[in-house]
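Please keep the structure open while reading the points.

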Amino acid sequence: MNRDELLSKVKEQMTDHRFTHTLGVASTAVALAERYGADQQKAELAGFLHDFCKYWDKSRMKEWIEQSDRIPDDLLRYDKELWHAPVAALVVERDLHIEDAEVLNAIRFHTSGRPGMSLLERILWLADYIEPGRHFPGVEEVRELANQDLNRALVKALGNTITFLVKQQKRIYPLTIDTYNDLVQELDRQERSS
Ligand code: DGI
Ligand code: FE
Ligand code: FE
C-alpha cells in the first residue's frame with residue numbers, strides 16, 4: 001500500500017477535523033524525529049495511524065480488547081478514551097499489515113505512555129500533544145520545551161494531563177502515573193549528570 005492509499009483509509013475512519021489533527025501529528029512527529037535523531041518515516045507512519053480507532057463504538061473496541069491477549073483486561077475498568085490506542089495497534093497490524101514493532105508500540109502507548117518509552121514512542125506522544133491544531137492552556141510552554149529537551153517537555157505535558165484529569169475528577173490509569181514517575185526519575189538523573 002502506498003502513502004496515498006494508506007491516507008485515504010485513515011481518512012475514511014474519522015471526521016475531517018480529526019484527519020487534520022492526524023496530519024498535524026505526523027508532520028510534528030517528523031520534525032521531532034529530525035530534531036532528536038529518530039527514524040522520520042516511522043514517525044510519520046505512527047502519526048498517520050495513531051488515532052485510527054478514535055471514533056469506533058465502545059462495544060467494537062471492547063470486543064478487540066477482550067479477544068486480544070496482548071491488551072490487559074484492566075483497561076476496560078478505565079475510561080474508554082484510553083482504549084483507541086492499543087486497539088489501533090492491533091487493527092493496523094491485522095488489517096493494514098503494518099509489521100514494524102516500533103511503530104505499533106508508539107501507536108499502542110500514545111495515550112498512556114509507559115515506563116521506559118522508546119524515542120519513537122516519546123516523539124509520537126509529544127507530537128500528539130503539541131501539533132499545531134492543539135489550543136489548550138500550557139501547550140505553548142510545552143512547544144517551547146520540545147525545541148530544547150524532549151524529556152522536560154514530556155514531564156510537563158504528562159503533568160498537565162494528570163492535573164487536567166484530577167480537576168475533572170476522572171480516574172487515572174495506573175500506566176499513565178507510572179509513565180509520569182518514570183520520566184521524572186529519568187529527568188532528575190539527566191539533570192544531576194549535566
Ligand atoms: O486521541 P487524542 O485526543 O488525539 O489524544 P489522546 O490519545 O492522548 O487521548 C486523550 C484523551 O485521553 C483525553 O481525553 C485524556 C484521556 N486520558 C489520557 N490519559 C488518561 C486519560 N483518561 C483517563 N481517564 N485516564 C488516563 O490515565
Ligand atoms: Fe489518541
Ligand atoms: Fe491524537
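**Notes on a helix and a metal site**

1. Start with the packing of helix H7. Its buried residues pack against six elements by name: helix H2 (16-36), helix H3 (40-49), helix H6 (101-108), helix H8 (139-148), helix H9 (150-167) and helix H10 (174-192). Keep in mind that this is a predicted model.

2. Now the helix itself. H7 covers residues 119-130, twelve residues in all. From first C-alpha to last it reaches 16 Å, close to the 16 Å expected at 1.5 Å a residue.

3. How many of the twelve residues of H7 are buried? Eleven are, so the helix is largely enclosed by the rest of the structure. Among the buried ones are Leu-120, Ile-123, Trp-125 and Tyr-129.

4. Turn to the metal. The iron ion (ligand 2) is coordinated by Asp-51 (OD), His-84 (NE2) and His-110 (NE2), at 2.1 Å. Along the sequence, these donor residues follow the spacing D-x32-H-x25-H.

5. Where do two of these donors sit? Asp-51 is in the loop between H3 and helix H4 (58-67), while His-84 is in helix H5 (residues 84-95). The pair therefore ties together parts that are 33 residues apart in sequence.

6. Asp-51 bridges the iron ion (ligand 2) and the iron ion (ligand 3). The two ions lie 3.6 Å apart.

7. Are Asp-51 and His-84 buried or exposed? Asp-51 counts as buried, at 2% relative accessibility. His-84 is buried as well, with a relative accessible area of 5%. The cut-off for buried is under 20%.

Key
Residues are numbered from 1 along each chain as its sequence is written. Chains are lettered from A and ligands numbered from 1 in the order in which they are written. This is a predicted model: local features need pLDDT of at least 70, side-chain atom pairs count only at pLDDT 80 or more; totals for chains, interfaces and linings use all residues. Side-chain values use heavy atoms; hydrogens and water are left out. Helices (H or I, at least four residues) and strands (E, at least two) are DSSP runs, numbered from the N terminus. The expected span of a helix is 1.5 Å times one less than its number of residues. Buried means under 20% relative accessible area, exposed over 50%, partly exposed in between (1.4 Å probe, protein chains only). Contact means heavy atoms within 4.5 Å. Donors are N, O and S atoms within 2.8 Å of the metal (3.2 Å for Na, K and Ca); water is not among the atoms, so sites may look incomplete.
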